[in-house]
Amino acid sequence: MDALLLTAGLTLPWLLGIGVVLLLRAPVPAADAEGEAAWIAGAGYLAGAFLATVWMRLLSAAGVRFGLAVVALPLAIAAAVLLALAWRRHRASLRAAARGAVAPPAGLPRAARILWWAVLAWLALRFALLGVEVASRPLYPWDAWTQWATKARVWYELGYLAPFARVNEWLAASGAVWFDASPEYPPTMPLLQVYACLWLGRWDDALMNWPWWQVGVALPLVVYGGLRALRATALAALAGAALVASLPLANVHVALAGYADLPMAAFYTAAALAVLRWAATRDRRDAALALLFAAACTQIKNPGWFWAATLAPAVLVTLSPRRGLKLAGIGFAAVAVLLVVLARFPFTLFNYRIDATFAAPWGDLAQSFFLLGNWHLLWYAAVAVALFAWRQLLAPGLAALTLTVAAGLTFLFFVFAYTTASAYVSDQTTVNRAALHLAPLVVVFVVLGWQAFARRWDEAHPPAPPAASPSTP
(Lines give C-alpha, C1' and ligand atoms only; values in the text may rest on other atoms or scores of the structure.)
Protein backbone atom coordinates (compact mmCIF):
# COMPACT_ATOMS: atom_id res chain seq x y z
CA MET A 1 0.00 0.00 0.00
CA ASP A 2 2.85 2.39 0.82
CA ALA A 3 4.33 1.80 -2.62
CA LEU A 4 1.01 2.49 -4.38
CA LEU A 5 0.28 5.63 -2.37
CA LEU A 6 3.78 7.01 -2.75
CA THR A 7 3.85 6.24 -6.49
CA ALA A 8 0.54 8.03 -6.98
CA GLY A 9 1.68 10.99 -4.91
CA LEU A 10 5.01 11.38 -6.67
CA THR A 11 3.44 10.98 -10.11
CA LEU A 12 0.90 13.76 -9.56
CA PRO A 13 3.39 16.69 -9.64
CA TRP A 14 4.93 15.13 -12.74
CA LEU A 15 1.57 15.11 -14.54
CA LEU A 16 0.78 18.63 -13.36
CA GLY A 17 4.11 19.95 -14.59
CA ILE A 18 3.83 18.17 -17.93
CA GLY A 19 0.50 19.92 -18.41
CA VAL A 20 2.08 23.29 -17.60
CA VAL A 21 5.05 22.73 -19.91
CA LEU A 22 2.74 21.64 -22.73
CA LEU A 23 0.56 24.69 -22.18
CA LEU A 24 3.67 26.88 -22.48
CA ARG A 25 4.98 24.97 -25.51
CA ALA A 26 5.20 26.51 -28.92
CA PRO A 27 3.97 24.32 -31.79
CA VAL A 28 6.79 22.02 -32.87
CA PRO A 29 6.87 20.49 -36.38
CA ALA A 30 7.02 16.72 -36.41
CA ALA A 31 10.48 16.87 -37.99
CA ASP A 32 11.79 18.79 -34.96
CA ALA A 33 10.07 16.68 -32.32
CA GLU A 34 13.09 14.53 -31.45
CA GLY A 35 14.06 15.26 -27.88
CA GLU A 36 10.76 16.96 -27.08
CA ALA A 37 9.49 14.02 -25.05
CA ALA A 38 12.58 14.19 -22.84
CA TRP A 39 12.26 17.96 -22.42
CA ILE A 40 8.55 17.74 -21.58
CA ALA A 41 9.11 14.96 -19.04
CA GLY A 42 12.17 16.51 -17.37
CA ALA A 43 10.99 20.11 -17.31
CA GLY A 44 7.52 18.84 -16.42
CA TYR A 45 8.63 17.28 -13.16
CA LEU A 46 10.57 20.36 -12.11
CA ALA A 47 7.66 22.68 -12.90
CA GLY A 48 5.12 20.42 -11.20
CA ALA A 49 7.17 19.90 -8.06
CA PHE A 50 7.71 23.63 -7.65
CA LEU A 51 4.06 24.49 -8.28
CA ALA A 52 2.94 21.85 -5.77
CA THR A 53 4.98 23.58 -3.07
CA VAL A 54 3.59 26.96 -4.13
CA TRP A 55 0.08 25.54 -3.62
CA MET A 56 1.05 24.29 -0.14
CA ARG A 57 2.40 27.72 0.73
CA LEU A 58 -0.88 29.30 -0.36
CA LEU A 59 -2.85 26.84 1.78
CA SER A 60 -0.71 27.66 4.81
CA ALA A 61 -1.06 31.40 4.23
CA ALA A 62 -4.85 30.96 4.05
CA GLY A 63 -4.90 29.11 7.37
CA VAL A 64 -5.79 25.72 5.83
CA ARG A 65 -3.99 22.80 7.49
CA PHE A 66 -2.14 20.36 5.28
CA GLY A 67 -4.04 17.21 4.49
CA LEU A 68 -3.95 14.76 1.62
CA ALA A 69 -7.30 15.83 0.19
CA VAL A 70 -6.79 19.60 0.35
CA VAL A 71 -3.30 19.35 -1.10
CA ALA A 72 -3.71 16.62 -3.72
CA LEU A 73 -7.27 16.99 -5.03
CA PRO A 74 -6.89 20.52 -6.50
CA LEU A 75 -3.54 19.51 -8.01
CA ALA A 76 -5.14 16.44 -9.61
CA ILE A 77 -7.97 18.50 -11.07
CA ALA A 78 -5.54 21.08 -12.43
CA ALA A 79 -3.36 18.34 -13.94
CA ALA A 80 -6.34 16.71 -15.67
CA VAL A 81 -7.56 20.00 -17.14
CA LEU A 82 -4.11 21.04 -18.35
CA LEU A 83 -3.38 17.65 -19.93
CA ALA A 84 -6.73 17.64 -21.71
CA LEU A 85 -6.10 21.12 -23.15
CA ALA A 86 -2.57 20.16 -24.16
CA TRP A 87 -3.74 17.02 -25.91
CA ARG A 88 -6.23 18.98 -27.97
CA ARG A 89 -3.61 21.55 -28.91
CA HIS A 90 -0.55 19.38 -29.55
CA ARG A 91 -1.98 15.98 -30.45
CA ALA A 92 -0.04 15.48 -33.68
CA SER A 93 3.34 16.68 -32.42
CA LEU A 94 2.96 14.75 -29.16
CA ARG A 95 2.47 11.54 -31.09
CA ALA A 96 5.61 12.29 -33.10
CA ALA A 97 7.53 13.10 -29.91
CA ALA A 98 6.34 9.87 -28.26
CA ARG A 99 7.42 7.76 -31.24
CA GLY A 100 10.96 9.12 -30.96
CA ALA A 101 11.12 9.18 -27.16
CA VAL A 102 13.46 6.21 -26.71
CA ALA A 103 14.27 4.75 -30.11
CA PRO A 104 17.49 5.92 -31.78
CA PRO A 105 17.06 8.31 -34.70
CA ALA A 106 16.72 6.82 -38.13
CA GLY A 107 19.90 6.57 -40.14
CA LEU A 108 22.31 5.69 -37.35
CA PRO A 109 24.77 2.94 -38.25
CA ARG A 110 24.46 -0.38 -36.44
CA ALA A 111 27.36 0.29 -34.07
CA ALA A 112 25.85 3.63 -33.04
CA ARG A 113 22.48 2.00 -32.42
CA ILE A 114 24.09 -0.60 -30.18
CA LEU A 115 25.88 2.17 -28.29
CA TRP A 116 22.58 4.06 -27.97
CA TRP A 117 20.78 1.13 -26.33
CA ALA A 118 23.79 0.33 -24.14
CA VAL A 119 23.88 3.88 -22.74
CA LEU A 120 20.13 3.84 -22.07
CA ALA A 121 20.42 0.47 -20.31
CA TRP A 122 23.31 1.77 -18.22
CA LEU A 123 21.34 4.88 -17.23
CA ALA A 124 18.33 2.75 -16.27
CA LEU A 125 20.50 0.50 -14.11
CA ARG A 126 22.20 3.49 -12.51
CA PHE A 127 18.93 5.10 -11.48
CA ALA A 128 17.52 1.77 -10.32
CA LEU A 129 20.46 1.40 -7.93
CA LEU A 130 20.10 5.00 -6.79
CA GLY A 131 16.42 4.27 -6.15
CA VAL A 132 17.39 1.43 -3.85
CA GLU A 133 19.64 3.83 -1.94
CA VAL A 134 16.90 6.43 -1.56
CA ALA A 135 14.30 3.88 -0.45
CA SER A 136 16.51 2.19 2.13
CA ARG A 137 18.76 4.88 3.60
CA PRO A 138 17.42 7.09 6.41
CA LEU A 139 18.05 10.80 6.29
CA TYR A 140 21.76 11.52 6.15
CA PRO A 141 23.36 13.85 8.76
CA TRP A 142 24.69 17.41 8.75
CA ASP A 143 22.82 19.99 6.65
CA ALA A 144 20.01 17.59 5.78
CA TRP A 145 19.34 17.25 9.52
CA THR A 146 20.07 20.77 10.69
CA GLN A 147 18.76 23.01 7.88
CA TRP A 148 16.10 21.25 5.82
CA ALA A 149 14.34 18.29 7.41
CA THR A 150 13.92 20.19 10.67
CA LYS A 151 11.36 22.34 8.89
CA ALA A 152 9.77 19.37 7.15
CA ARG A 153 9.20 17.49 10.42
CA VAL A 154 7.67 20.48 12.18
CA TRP A 155 5.48 21.50 9.24
CA TYR A 156 4.25 17.94 8.73
CA GLU A 157 3.27 17.53 12.38
CA LEU A 158 1.66 20.98 12.68
CA GLY A 159 0.08 21.08 9.22
CA TYR A 160 1.28 24.58 8.33
CA LEU A 161 4.47 26.62 7.81
CA ALA A 162 5.43 27.51 11.36
CA PRO A 163 8.11 30.24 11.58
CA PHE A 164 11.75 29.40 12.26
CA ALA A 165 14.39 31.73 13.69
CA ARG A 166 18.00 31.75 14.81
CA VAL A 167 18.94 31.04 18.38
CA ASN A 168 18.77 34.63 19.68
CA GLU A 169 15.30 35.21 18.26
CA TRP A 170 14.22 31.78 19.49
CA LEU A 171 15.33 32.58 23.02
CA ALA A 172 13.69 35.99 22.91
CA ALA A 173 10.42 34.52 21.62
CA SER A 174 10.14 32.09 24.58
CA GLY A 175 9.26 29.18 22.30
CA ALA A 176 6.89 31.06 19.96
CA VAL A 177 9.12 30.19 17.01
CA TRP A 178 11.12 27.13 16.03
CA PHE A 179 14.90 26.94 15.72
CA ASP A 180 17.27 25.40 13.19
CA ALA A 181 20.62 26.23 11.60
CA SER A 182 19.24 28.16 8.60
CA PRO A 183 15.77 29.53 9.30
CA GLU A 184 16.04 32.01 6.43
CA TYR A 185 16.19 29.31 3.73
CA PRO A 186 13.18 29.01 1.39
CA PRO A 187 10.60 26.29 2.18
CA THR A 188 10.46 24.52 -1.20
CA MET A 189 12.54 21.42 -0.48
CA PRO A 190 11.14 20.75 3.03
CA LEU A 191 7.64 21.07 1.57
CA LEU A 192 8.41 18.35 -0.97
CA GLN A 193 9.32 16.10 1.96
CA VAL A 194 6.08 17.06 3.71
CA TYR A 195 4.18 16.30 0.50
CA ALA A 196 5.59 12.76 0.33
CA CYS A 197 4.77 12.12 3.98
CA LEU A 198 1.17 13.28 3.46
CA TRP A 199 0.70 10.49 0.93
CA LEU A 200 2.32 7.95 3.27
CA GLY A 201 0.21 9.13 6.18
CA ARG A 202 3.21 9.16 8.49
CA TRP A 203 6.65 10.67 8.91
CA ASP A 204 9.25 8.54 7.11
CA ASP A 205 12.72 10.06 6.86
CA ALA A 206 13.75 7.66 4.07
CA LEU A 207 10.76 7.49 1.73
CA MET A 208 10.15 11.23 1.96
CA ASN A 209 13.37 11.74 -0.02
CA TRP A 210 12.08 10.28 -3.32
CA PRO A 211 11.81 13.79 -4.85
CA TRP A 212 15.63 13.84 -4.98
CA TRP A 213 15.60 10.72 -7.13
CA GLN A 214 12.99 12.34 -9.37
CA VAL A 215 15.14 15.47 -9.69
CA GLY A 216 18.08 13.22 -10.53
CA VAL A 217 16.05 11.62 -13.35
CA ALA A 218 14.59 14.92 -14.56
CA LEU A 219 17.97 16.65 -14.91
CA PRO A 220 19.47 14.45 -17.69
CA LEU A 221 16.08 14.45 -19.44
CA VAL A 222 16.14 18.25 -19.46
CA VAL A 223 19.71 18.26 -20.73
CA TYR A 224 18.96 15.80 -23.55
CA GLY A 225 15.82 17.62 -24.64
CA GLY A 226 17.47 21.01 -24.36
CA LEU A 227 20.45 19.93 -26.43
CA ARG A 228 18.26 18.46 -29.14
CA ALA A 229 16.23 21.66 -29.31
CA LEU A 230 19.51 23.54 -29.75
CA ARG A 231 20.38 21.37 -32.74
CA ALA A 232 22.81 19.00 -31.08
CA THR A 233 22.97 15.62 -32.75
CA ALA A 234 21.17 12.75 -31.05
CA LEU A 235 24.39 11.00 -29.99
CA ALA A 236 25.91 14.27 -28.72
CA ALA A 237 22.77 15.02 -26.73
CA LEU A 238 22.74 11.51 -25.27
CA ALA A 239 26.41 11.88 -24.36
CA GLY A 240 25.63 15.15 -22.58
CA ALA A 241 22.75 13.59 -20.66
CA ALA A 242 24.92 10.62 -19.69
CA LEU A 243 27.71 12.92 -18.51
CA VAL A 244 25.27 14.84 -16.33
CA ALA A 245 23.76 11.63 -14.95
CA SER A 246 27.20 10.25 -14.09
CA LEU A 247 28.68 13.27 -12.30
CA PRO A 248 29.88 11.65 -9.07
CA LEU A 249 28.82 14.49 -6.80
CA ALA A 250 25.36 14.63 -8.39
CA ASN A 251 24.91 10.91 -7.71
CA VAL A 252 25.99 11.43 -4.11
CA HIS A 253 23.28 14.06 -3.71
CA VAL A 254 20.68 11.57 -4.93
CA ALA A 255 21.85 8.66 -2.79
CA LEU A 256 22.33 10.86 0.29
CA ALA A 257 19.18 12.88 -0.32
CA GLY A 258 18.25 15.87 1.78
CA TYR A 259 20.46 18.71 0.50
CA ALA A 260 19.17 21.42 -1.84
CA ASP A 261 22.19 21.61 -4.16
CA LEU A 262 21.10 19.04 -6.74
CA PRO A 263 17.62 20.65 -7.07
CA MET A 264 19.35 24.02 -7.38
CA ALA A 265 21.46 22.65 -10.24
CA ALA A 266 18.41 21.13 -11.96
CA PHE A 267 16.24 24.24 -11.79
CA TYR A 268 19.09 26.50 -12.85
CA THR A 269 19.95 24.28 -15.80
CA ALA A 270 16.28 24.16 -16.83
CA ALA A 271 16.03 27.95 -16.56
CA ALA A 272 19.15 28.48 -18.68
CA LEU A 273 18.04 25.99 -21.34
CA ALA A 274 14.58 27.58 -21.42
CA VAL A 275 16.24 30.95 -22.05
CA LEU A 276 18.25 29.40 -24.88
CA ARG A 277 15.10 27.88 -26.35
CA TRP A 278 13.50 31.30 -26.18
CA ALA A 279 16.53 32.79 -27.92
CA ALA A 280 16.08 30.24 -30.73
CA THR A 281 12.29 30.44 -31.10
CA ARG A 282 11.56 34.02 -29.92
CA ASP A 283 8.28 32.62 -28.60
CA ARG A 284 6.91 34.26 -25.45
CA ARG A 285 5.78 30.91 -24.12
CA ASP A 286 9.40 29.76 -23.89
CA ALA A 287 10.19 33.03 -22.11
CA ALA A 288 7.38 32.36 -19.63
CA LEU A 289 8.77 28.90 -18.88
CA ALA A 290 12.24 30.39 -18.39
CA LEU A 291 10.74 32.91 -15.97
CA LEU A 292 9.02 30.13 -14.04
CA PHE A 293 12.26 28.19 -13.59
CA ALA A 294 14.21 31.35 -12.72
CA ALA A 295 11.62 32.13 -10.03
CA ALA A 296 11.97 28.56 -8.75
CA CYS A 297 15.74 29.06 -8.43
CA THR A 298 15.14 31.84 -5.92
CA GLN A 299 12.97 29.50 -3.83
CA ILE A 300 15.38 26.57 -3.61
CA LYS A 301 18.31 28.26 -1.86
CA ASN A 302 19.15 31.88 -1.12
CA PRO A 303 22.01 31.90 -3.67
CA GLY A 304 19.34 31.14 -6.24
CA TRP A 305 18.70 34.88 -6.50
CA PHE A 306 22.24 35.32 -7.80
CA TRP A 307 22.04 32.27 -10.05
CA ALA A 308 18.87 33.67 -11.59
CA ALA A 309 20.69 36.99 -12.10
CA THR A 310 23.41 35.21 -14.11
CA LEU A 311 20.79 34.62 -16.81
CA ALA A 312 20.61 38.37 -17.48
CA PRO A 313 23.41 38.45 -20.11
CA ALA A 314 21.65 35.74 -22.12
CA VAL A 315 18.41 37.69 -21.92
CA LEU A 316 20.22 40.82 -23.15
CA VAL A 317 21.64 38.98 -26.15
CA THR A 318 18.23 37.55 -26.93
CA LEU A 319 16.38 40.85 -26.68
CA SER A 320 19.02 42.82 -28.59
CA PRO A 321 21.04 40.57 -30.93
CA ARG A 322 22.97 43.48 -32.44
CA ARG A 323 23.91 45.33 -29.26
CA GLY A 324 23.47 42.54 -26.73
CA LEU A 325 27.13 41.51 -26.63
CA LYS A 326 28.27 45.08 -26.14
CA LEU A 327 25.67 45.65 -23.42
CA ALA A 328 26.64 42.40 -21.73
CA GLY A 329 30.31 43.40 -21.79
CA ILE A 330 29.45 46.74 -20.21
CA GLY A 331 27.37 44.88 -17.63
CA PHE A 332 30.24 42.51 -16.74
CA ALA A 333 32.60 45.47 -16.31
CA ALA A 334 30.07 47.37 -14.19
CA VAL A 335 29.43 44.38 -11.96
CA ALA A 336 33.16 43.81 -11.51
CA VAL A 337 33.69 47.42 -10.46
CA LEU A 338 30.67 47.31 -8.17
CA LEU A 339 31.82 44.12 -6.47
CA VAL A 340 35.31 45.49 -5.90
CA VAL A 341 33.88 48.71 -4.44
CA LEU A 342 31.41 46.86 -2.23
CA ALA A 343 34.10 44.52 -0.98
CA ARG A 344 36.03 47.57 0.31
CA PHE A 345 33.21 48.15 2.80
CA PRO A 346 32.69 44.89 4.70
CA PHE A 347 29.08 43.80 5.18
CA THR A 348 27.07 40.61 5.64
CA LEU A 349 24.65 39.15 3.09
CA PHE A 350 22.80 35.85 3.60
CA ASN A 351 25.12 35.18 6.57
CA TYR A 352 28.24 35.50 4.41
CA ARG A 353 30.66 38.28 5.29
CA ILE A 354 31.93 40.13 2.20
CA ASP A 355 35.35 41.73 2.56
CA ALA A 356 38.12 42.68 0.13
CA THR A 357 40.73 41.31 2.53
CA PHE A 358 39.75 37.75 1.65
CA ALA A 359 41.68 36.06 -1.14
CA ALA A 360 40.79 33.19 -3.45
CA PRO A 361 42.44 29.90 -2.34
CA TRP A 362 43.69 29.06 -5.80
CA GLY A 363 45.43 25.84 -4.86
CA ASP A 364 42.38 24.34 -3.18
CA LEU A 365 40.12 25.46 -6.04
CA ALA A 366 42.45 23.85 -8.60
CA GLN A 367 42.54 20.67 -6.53
CA SER A 368 38.76 20.58 -6.33
CA PHE A 369 38.12 21.10 -10.03
CA PHE A 370 41.07 19.29 -11.61
CA LEU A 371 42.46 16.69 -9.21
CA LEU A 372 39.66 15.20 -7.13
CA GLY A 373 37.10 12.71 -8.41
CA ASN A 374 33.91 14.75 -8.04
CA TRP A 375 33.72 15.83 -11.67
CA HIS A 376 35.58 13.22 -13.73
CA LEU A 377 37.24 15.33 -16.46
CA LEU A 378 34.48 17.95 -16.78
CA TRP A 379 36.57 21.05 -16.10
CA TYR A 380 39.43 19.81 -18.30
CA ALA A 381 36.88 19.37 -21.08
CA ALA A 382 35.47 22.87 -20.50
CA VAL A 383 38.93 24.45 -20.78
CA ALA A 384 39.76 22.41 -23.89
CA VAL A 385 36.49 23.33 -25.63
CA ALA A 386 36.96 27.00 -24.76
CA LEU A 387 40.41 26.90 -26.39
CA PHE A 388 39.34 24.95 -29.47
CA ALA A 389 36.06 26.79 -30.09
CA TRP A 390 37.08 30.30 -29.02
CA ARG A 391 36.09 31.74 -32.40
CA GLN A 392 32.53 30.42 -32.03
CA LEU A 393 31.94 31.21 -28.35
CA LEU A 394 30.31 34.57 -29.07
CA ALA A 395 28.67 33.59 -32.35
CA PRO A 396 24.86 33.97 -32.44
CA GLY A 397 24.13 30.30 -31.72
CA LEU A 398 26.47 30.05 -28.73
CA ALA A 399 26.79 33.55 -27.27
CA ALA A 400 23.89 33.34 -24.81
CA LEU A 401 25.19 30.06 -23.35
CA THR A 402 28.78 31.34 -23.18
CA LEU A 403 27.73 34.48 -21.34
CA THR A 404 25.62 32.50 -18.87
CA VAL A 405 28.50 30.15 -18.04
CA ALA A 406 30.87 33.14 -17.75
CA ALA A 407 28.45 34.88 -15.38
CA GLY A 408 28.15 31.70 -13.30
CA LEU A 409 31.93 31.33 -13.04
CA THR A 410 32.20 35.01 -12.10
CA PHE A 411 29.70 34.48 -9.30
CA LEU A 412 31.60 31.45 -8.01
CA PHE A 413 34.89 33.35 -8.16
CA PHE A 414 33.50 36.25 -6.16
CA VAL A 415 32.00 33.96 -3.52
CA PHE A 416 35.27 32.13 -2.97
CA ALA A 417 37.49 35.20 -3.23
CA TYR A 418 35.66 37.91 -1.29
CA THR A 419 33.39 36.17 1.24
CA THR A 420 33.76 33.96 4.29
CA ALA A 421 33.13 31.00 1.97
CA SER A 422 36.83 31.18 1.10
CA ALA A 423 37.54 29.59 4.47
CA TYR A 424 35.44 26.55 3.52
CA VAL A 425 37.26 25.72 0.29
CA SER A 426 40.06 23.74 1.91
CA ASP A 427 37.66 21.10 3.26
CA GLN A 428 36.31 20.54 -0.29
CA THR A 429 32.63 20.60 0.72
CA THR A 430 31.13 24.03 0.13
CA VAL A 431 33.14 24.63 -3.03
CA ASN A 432 31.95 21.41 -4.65
CA ARG A 433 28.34 21.88 -3.62
CA ALA A 434 28.36 25.40 -5.09
CA ALA A 435 30.05 24.24 -8.29
CA LEU A 436 27.39 21.54 -8.66
CA HIS A 437 24.86 24.30 -9.37
CA LEU A 438 26.74 25.21 -12.55
CA ALA A 439 28.20 21.84 -13.58
CA PRO A 440 25.29 20.51 -15.71
CA LEU A 441 25.22 23.73 -17.72
CA VAL A 442 28.98 23.41 -18.24
CA VAL A 443 28.30 19.97 -19.73
CA VAL A 444 25.86 21.63 -22.15
CA PHE A 445 28.56 24.19 -22.98
CA VAL A 446 31.09 21.41 -23.66
CA VAL A 447 28.72 19.55 -26.00
CA LEU A 448 27.56 22.58 -27.99
CA GLY A 449 30.99 24.21 -28.04
CA TRP A 450 32.67 21.08 -29.35
CA GLN A 451 29.95 20.65 -31.97
CA ALA A 452 30.45 24.26 -33.11
CA PHE A 453 34.20 23.67 -33.38
CA ALA A 454 33.68 20.41 -35.31
CA ARG A 455 31.30 22.13 -37.71
CA ARG A 456 33.80 24.93 -38.41
CA TRP A 457 36.58 22.38 -38.88
CA ASP A 458 34.53 20.44 -41.41
CA GLU A 459 33.74 23.63 -43.32
CA ALA A 460 37.40 24.65 -43.39
CA HIS A 461 38.62 21.16 -44.36
CA PRO A 462 36.12 19.70 -46.83
CA PRO A 463 36.82 16.14 -47.93
CA ALA A 464 38.88 15.87 -51.09
CA PRO A 465 36.92 14.84 -54.20
CA PRO A 466 37.50 11.26 -55.27
CA ALA A 467 40.32 10.85 -57.76
CA ALA A 468 39.26 10.25 -61.33
CA SER A 469 39.82 6.71 -62.49
CA PRO A 470 42.41 6.46 -65.25
CA SER A 471 40.91 6.11 -68.70
CA THR A 472 41.57 2.93 -70.59
CA PRO A 473 42.84 3.14 -74.17
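**Notebook: charges and rings**

I began with the charged side chains and counted 12 salt bridges. A reminder to myself: this is a predicted model.

**Entry 1**

Which side chains does Asp-261 meet in salt bridges? I looked up Lys-301 and found its side chain joined to Asp-261 at 3.0 Å, N to O. This pair links distant parts of the chain: Lys-301 is in the loop between helix 12 (284-298) and helix 13 (304-309), while Asp-261 is in helix 11, 40 residues apart. Then I checked Arg-433, whose side chain also forms a salt bridge with Asp-261, at 2.9 Å, N to O. Here the partners are 172 residues apart, with Arg-433 in helix 19 (residues 430-460).

Buried or exposed, I wondered about Asp-261? The cut-off for buried is under 20% relative accessible area. Asp-261 has 1% relative accessibility, so it counts as buried. Lys-301 comes out at 7%, so it is buried as well. Arg-433 is buried too.

**Entry 2: other salt bridges**

I next looked at Arg-137 and Glu-133, whose side chains meet at 2.9 Å, N to O. Arg-137 is partly exposed, because its relative accessibility is 32%. Glu-133, at 29%, is partly exposed too. I also noted a network of salt bridges that links Arg-25, Glu-36, Arg-277 and Asp-286.

**Entry 3: rings**

How many aromatic pairs are there? I counted 21. One of them is Phe-50 with Phe-267, edge-to-face, with 6.5 Å centre to centre and 70° between the planes. Phe-50 is in helix 2 (residues 36-61) and Phe-267 in helix 11 (residues 261-281), so I noted a link between distant parts of the chain, 217 residues apart. Phe-50 is buried at 8% relative accessibility, and Phe-267 is buried at 4%.

Why is the pair of Tyr-140 and Trp-142 called edge-to-face? Their planes are at 70°, and the label needs over 60 degrees. Their ring centres are 5.8 Å apart. Tyr-140 is partly exposed at 28%, whereas Trp-142 is exposed at 58%.

I also found a cluster in which ring pairs link Tyr-268, Phe-306, Trp-307 and Phe-411.

**Entry 4: the whole protein**

Stepping back, I listed 19 helices and 4 strands. Of the 473 residues, 51% are buried. The protein exposes about 21700 Å², and carbon and sulfur atoms supply 69% of that.

How values were computed:
Residues numbered from 1 in each chain as written. Predicted model: local features only at pLDDT ≥ 70, side-chain atom pairs only at ≥ 80, totals over all residues. Heavy atoms only, no water. Helix = DSSP H or I, 4+ residues; strand = E, 2+ residues; numbered from the N terminus. Buried < 20%, exposed > 50% of the residue type's maximum accessible area, 1.4 Å probe, protein only. Areas by Shrake-Rupley, 256 points an atom, 1.4 Å probe, with all protein chains shown as cover. Phe/Tyr/Trp six-rings, centres within 6.5 Å; stacked < 30°, edge-to-face > 60°. Salt bridge = Lys/Arg side-chain N within 4 Å of Asp/Glu carboxyl O.
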